[in-house]
Structure formats: structure tokens, C-alpha cells
Amino acid sequence: MKFAYLPLVLAGLASLARPNAVEAQTFAITNAHILSPGPVGEVERGTILVRDGKISSAGANVAVPVGVMIVDAKGNIVTPGLFAVNTALGLVEVSSVDGTLDARTRSTRISAAFDVRYGLNPASTLLPVARLGGITRAVVMPDYDDSNKEREAPFAGKAALISLGQGPNILFKADVGMVLELGEDGAARLGGSRASEFVLLRELFASLKKPWNSDSNWGLSEVDHQVLASVASGRMPLIVIVHRASDIRQVLGFARELGLKVILSGAEEGWQVADEIAMMKVPVLLNPTSNIPSNFDQIGASLRNAAILKAAGVDIAISGNDGGHRVRDMRYNAGLAVSRGLPQSAALEAITLAPARIFGVSNLVGSIESGKLADLVIWDGDPLEALSEPIAIYIDGKQQPMESRATQLGKRYGNRQE
Amino acid sequence: MLAGCAVSANSSSVAGAATLPEPTLSKPKPEAFASTYRAAPAADTAIVGASILTGTGARIDGGTILMTDGKIVAVGRDIEVPASARVIDGTGKWVTPGIIDSHSHLGVFPAPGVDGHADGNENIDPYTAHVWAEHSVWPQDPVFTKARAGGVTSLLVLPGSANLFGGRGVTLKNVPAVTVAQMKFPGAPYTLKMACGENPKGRYGSRGRAPATRMGNVAGFRRSWIDAVEYARKWESYERKRAKGEAAEAPKRDLAMETLSGVLKGEILVQNHCYRADEMAVMLDVGREFDYRTTAFHHAVEGYKIADLLAAEATCVATWATRWGFKMEAFDAIEENAAILASRGVCVAIHSDEQRLIQRLNVETSVALAAGRRAGIDIPQEEAIKWITLNPARIMGVADQTGSLEPGKMADVVLWSRNPFSVYAIAEKVFIDGALIHDTSNPGSIYRSDFELGQSVGEE
């Protein structure tokens, strides 16, 4: 029985790989330069007490009970774990290898009911790479497969939240939003024009008020119909990928008219309608470095977008440079937004507490605060700087390995004579 | 420690010309496709009191750089500034050479990226050594200005990588212009884009034609070089006869063969898109078989696996830090690639290949530096700045003219708001040949392309 040894061997390797692993989920991080949104804020010499995987207390004057294991942060910055938005983590391995892509469907039977939770792969090599960027939670969103041009399915499906902690189950929360792309690409799936797009959407939402029937010319399956009912009722947010200012206005009007809860994603021209977005209290997921007029949807794309939206009072969350392999770039993107006028504290919030709030889990994660899950990162410098790296990463109070497939390749070849 | 790439010594001999002049003409014709670049008017300027990363491996704190008539005149601590020079206070700021991108598609895949603008890949045939990227460049691509805002003063614009031979690249000075000739870097050698791996075999194999495999790729290269050797031999024989005064008929010009034979003569630099270590090693053998040098492997995400081989061949690497996993041949890309290569004596450049990345090659370099440090390779910033200045200049064959802050070189200079390896750093002033082309203190002066005029564009 050769294979019986395997789990033991792997377990042995894991402990070798993390000699300082804190197995106990009760410990205290002392001498921590705490940097967090929320009431704790910045504490230059603070302590974070973790009990059973949760933050029990944090701040300048925290008593550490006798016998509790101490992690000395040596004055380094400690932040909440980063919360990534607009990702496909767990749903992709190699972008060009179709068999590894689970973020989209060609099915003509389902669209809105497509559910990313069933595609999640906890063994994905992308997870440790993102984690080494300090990311501990992520929104996983479905995407579109447009290979069948005849398929007019406006919705990509349901998004979910994941934990990047090691373990067999990475699903953190399902059913956190319904993805709908509008604008130029969205219109292509709804009659080929913006002028058809919004008429058809209104008709589709109107059809949800009637009981489902298989003859509906919308071709919605019963399960699509059920899922969309929770969007129509305002329970499940509609995550609308949209870029052009005029399209954003249409979306805001549509949401007001139907009483929908909306999250904007992309919103490159959002700065042009910042006050209207703020007035509707609609949050925005964005990449502040998305400043290329790559099509006629985003002629106004600007590096100032994040700063202008935030100044207008919009809740923003900052993404990385793609949905998978470059999610870790999100903290540099937050730093680049600071260089273009976003306040430093707002930038940190946009990669921690803001996304947690937008996706309804700010009671659990997003800041260093008593009662929240112990997702913590100790950094060797300013977390928004590309020159800085995490020193230690905790998810649910469990210390994570500081390794990925990439770091192992680096070790294998870095010091080798050929 | 850092063995250099060979610098083309007589690059000006091929400046802007078809490589094989027609000798039967009785009177000289004006050079076709010549650079018409003229430096913008430049006031003599001194930046004083800045931290200067010279691009030669030095850092000078509280330093002065003096630019006169578009050239760098002096760099150092105790530089006398002539009364006539405009003085810029650099206290608390940093100065570097102009940033150089050795792999870009600006102008050939411009924004907006609509079909009418897709001019970077002549992807109907794998052998297109006859096309020249400069005949596609749209100088109104709004991204040229955005790259300038990231400090980019020169760039190599290459054809795409769909084909085995993609065509000739063009080296540009990043100045606002109406014609591509006005941007062409005077005296820069031509380059040939080649591509290994998944792109050519995937593009053509899926259409039921060669190449369909990596061995098909290599066979395609070898057959073409055999043709090029034959072509070069015919012209040599003809020229020899003419030199002796014998009657001889000129062979018919062939644009693709002119480019390939230019490589064989050492006049045109090979820029080879290649990801995997094993494939790069094979391509070096192809070079051995036909006696040509590969100036640089581009992307080369597995360069770190053959660092010593690349160092021995004096072949440069132009690569990223953050891009990986988008196809099989990019699955082994690691952030510390550049650091490992540099530590083993390879000339490394960080390149963009991308419209957003070209605006922050400094930050991409920081990612590579941090990853190197994590892996136990601590490379000083004064060395790493070469990855986006001097080393790409070497790859482009212009290191004798730009890429470092040395007297006599072009005054291609960036004044940064702070340490350029910081995400918060902004390129406040960008000088090209001494002329202040981009100045954030005067937003109204920042060039907007014709395309953007009258549209609701934002700042930066």
C-alpha cells in the first residue's frame, strides 16, 4: 500500500516548510504597528490578542494572559488581511487552457443560476501566489463565454466569497451577487444596441413578477427565474460591469426605478458622474490604473478615478490587474491611486474593509477589531509599496505557509550552478 | 559583475535605410524611411540637489546634472552651473535616465483597440520578415503620452508574436509627432522580431498549416535561414563582380531576405520572443548553425533556469515580474527572474508589452527587486535602475547614445517626486534631448493626441 504513506509524507513536508507555524489559534501579536480601518485605526505600538481564530482584543492597552504564545512583530506594520474583488481565484489555472476555466458557461439552459461555488479548486496554484500578496479573502465572480454568438444570456451568474486559507473548503459565503455586464459588450448580448439592452432588461425583470413557465420567450430556466427573483427583490446585489458615464447613469436610473441593489464594477468614467453615484449610495469596484481609452466605452478613463469617486463620497474597492494571476497587484494599485490623490487611509480601506462592507461581511472581516476573524498580515514595510513583502500571514488565526509553486521554482534554480 | 550585451558599434551605418542600396543607380537618391526626428528647443538646464541614479551603477546624493544643447554635460556633486542655465531645485527628489521600454506595441496596437487599429500582426502567414512595424505606427496613439507620464523617453515598437518572423521593429523617441519618421531614433539599428512557442504554432496549426508544433517552428526558422544565406551569397557575388568592373546583373530585391541577410551581416538585431528555457537553448543553436547572434530573448520567463548559458552567450533578457500563467509556456514565470539573471551576470531589462505596464516600469522593477530580496538576492537600486534604462538601450543598440547619465549622451532625463522605486513616485519632469516634453507643474502643456481632442478625457 504505497499510497497510504502519502498523507503522512505531505504532513511532514508541511511542518518542515513552516518551522514557526503557530498551530494554536490562540496567541498574541505584540509590538505591532497596527494599521487598520475602523475604530482601532493606527496604533504605533499595539497588541492583537487572538483567541480561537478570532480577534479578541486589539489596541495599545491589551492585557496578554499568562501562558499565551507571543508573536513579536518587532514594530512592523500589521494590517487586516486584504480582500480582493473582481477575481476568478479558484476557477482558473492556465488562462489559455480551456479545461482549467470554470468561470463561465456555454449552457443555454442556465445563465443567472450559474454558481461559481461548485467550480472552486482549493488546490489551485494561484491561491498561494495571491496569499503571498497578503490577500486572505476574495470575491469570485463569473465571466462570460461568448463563443456562441446566438446565445443571448445577459447574466453571467452568481458570485461567491472565498477564504484563501489552506484547507479543503475555501467557500466563505455563496450568493453574494449577480453579475451583469452592460455597455458595449453587454449590449452585444442584448440585441446589439444600448437602445435594445435596457428595453429588454426591463421586460425581463417584468417577467419575473409572473410565475415561471417554460414557454417564456426569455428562455430562463426555472432556476434562473428563482435566482433572479432575489435580485428583483433587492436582496441579492446586482454587480453591473459598466464603463461609460452615460451607461452608468442608465444603470442608476434603472436601479432606482426597479428598487435594485447595485454594485458598479469597472466604472472607468465614474469620475464624470461621481456625485450621482454617491447620491444613490452605490459602491464601485475599480482598478485605479485602468486609464487606457481601450474602446469607445472608456474614452474618459483616468488615473484620478479612484480619488475623485472617493472624494465625492463613493465607497470604493480596488482590484488587481486581472482576475487570477495578477490579483496580488491590488495593493500596488491602491498605492498608485494614492499617488493620484486618494488618501492613504482610504486606499487601505479600499482593499480591506470597503470590499467586506460592500459584500455584506464587514461584521466578520476587513478590519482589526474585536470579534472579527483573525485575518492578519505582518509586513516588512508599507503594505502598498511593491518593495514591501508580508513577513507572516494568518487566516482565521492560522499561520499560512510563505511558499508557492513559484517560490519553490525560484529556490530550485536561484542558487544553482548549471 | 554584470556582463553586458554586445553594443552595436557601427549602428549608424544602417540608419533608416533599406539595407541594400541599389548600386545600379547613377545618382544618389534621398534615403527612404529615414528619421526626420528633430529635438525640440531645449533651454540649458541644471537640476540641483537631487538624488541621482546614473544608470551606470552609481548613486549621487545632493547631486547636480547639467544639460546643454540637448546633451548631458556633467553629473556629480560639485558641478559649476553656468549663469545662463535654468536651475531646477531637485531637493528631496530623484533623477534617473529616461525610462526605456525594449518591448512595446504602442502605435501598432493603439488605443482604442478596435479592429481598424489592429496593425501589429500580419498574421496570415508565419513568415513576414518583409513587414516593418514603423509602417503601422499611429503617432496619435494616446498611450504615447501616458507612457511619457511614466518617464518613458525611448521605446522599441515591435510587431506582434503571431509569426515566426514578425517583421522589423522600430526604435522611437517618445515625442509628440505627426509622422513616424519624426519619432524614429536617429541612428538606431533595425531589429527583427522572431517568435517561438505557442503563438506561431497555435495560430497556424489551428488553421491546418505549418507550423503546428515546436519542431515545426524550428524547421521553419532553419529553412528561412538557408534561403537567407543563399540570398546573401548572390548579392555578395554580384557586388564582388561589380567591384572588379565585371558585367553583372543585380539579383531581384526580396524584402524578407533583405531583413534576414541583414541579421546575418550583424546589422539587424534579433529580438526573439521565447518563454521556455529549453526553447531558448534550441534557438541559440539555430543561431550557431547560421552564425547569427540573438541580441535578446523577450518575455523569457524561464530565463532563470539557464542563467549561466545566457550569460555565456551575452544574450540579454527582457522580461516582466508580475505576469504569469496566461498560457502553458508562462506557467513557470517567477517574480525573481530578473534578480536571479542579474546576479548571474545576464543583462536584464524589465519590459512592458502592455499599455498600462509601460506607465510604471519602475514599480514592476520594484516587484522584481523585492522578490529577489526574499530569495536572498539583494540587488542595490543603483544597479536595478539599469533594468529600465541602460540595459534596454543595449537591447535596442542605442546604449552609446542614451540609457545612462553620462557626459556626451542625449539628455533623456526624468525628475521624480521621490524615490522612483516607490509606488507613490511621479515623473514630474521628463526631458528628451534636453527639451522639457512632459511637465506636471504645467498640466496645460501636457500633449493630448489628436484623437483625444474634443472628447471627455480625464487627467492622466
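Two strands pair if DSSP finds at least two bridges between them. Helices (H or I, at least four residues) and strands (E, at least two) are themselves DSSP runs, numbered from the N terminus. In this structure, S10(A) and strand S11 (residues 262-266) of chain A pair in the parallel sense over five bridges. The model is predicted: local features need pLDDT of at least 70, side-chain atom pairs count only at pLDDT 80 or more, and totals for chains, interfaces and linings use all residues. Residues are numbered from 1 along each chain as its sequence is written, while chains are lettered from A and ligands numbered from 1 in the order in which they are written.

**Strand S10 of chain A**

- A residue is buried if 20 or more other C-beta atoms lie within 10 Å of its own, exposed if 12 or fewer, and partly exposed in between, with C-beta atoms placed from the backbone.
- Five of the five residues of strand S10 (residues 238-242) of chain A are buried, so the strand is largely enclosed by the rest of the structure.
- One side of S10(A) carries A:Leu238, A:Val240 and A:Val242, the other carries A:Ile239 and A:Ile241, and both faces are covered.
- Strand S9 (residues 171-181) of chain A also pairs with S10(A), in the parallel sense and over four bridges.
- A:Glu181 has A:Ile241 in S10(A) as its bridge partner, and A:Val240 has A:Leu264 in S11(A).
- Together with helix H6 (residues 245-258) of chain A, S10(A) and S11(A) make a right-handed β-α-β unit. Right-handed is said of a crossover if, with the strands pointing away from the viewer, the path from the first strand over the helix to the second runs clockwise.

**A sheet in chain B**

- Eight strands of chain B form an open sheet with mixed pairing, in the order S6-S7-S8-S9-S10-S11-S12-S13.
- Strand S6 (99-104) and strand S13 (348-350) of chain B are at the edges with a single partner strand each, so one side of each has no neighbour in the sheet.
- S6(B) pairs with strand S7 (residues 152-157) of chain B in the parallel sense over four bridges.
- Within S7(B), B:Leu155 stands opposite B:Asp101.

**Domains of chain A**

- Chain A is divided into domain 1 (1-81 + 368-402) and domain 2 (82-365), with bounds that come from an automatic or database domain assignment.
- The C-alpha centres of domain 1 and domain 2 of chain A lie 30 Å apart.
- The contact takes 21 residues from domain 1 of chain A and 24 residues from domain 2 of chain A, where two residues are in contact if their C-beta atoms, placed from the backbone, lie within 7 Å.
- Strand S5 (77-80) and strand S15 (390-395) of chain A each supply at least two residues of the side of domain 1 that touches domain 2.
- The largest share of that side, three residues, comes from S15(A).

**Contact between the chains**

- Chain A gives 41 residues to the contact and chain B gives 47 residues.
- Helix H9 (330-339) and helix H12 (405-414) of chain A each supply at least two residues of the side of chain A that touches chain B.

**A loop residue**

- A:Pro211 is found in the loop between helix H4 (194-207) and helix H5 (222-232) of chain A.
- A:Pro211 counts as exposed because it has 8 C-beta neighbours inside 10 Å.
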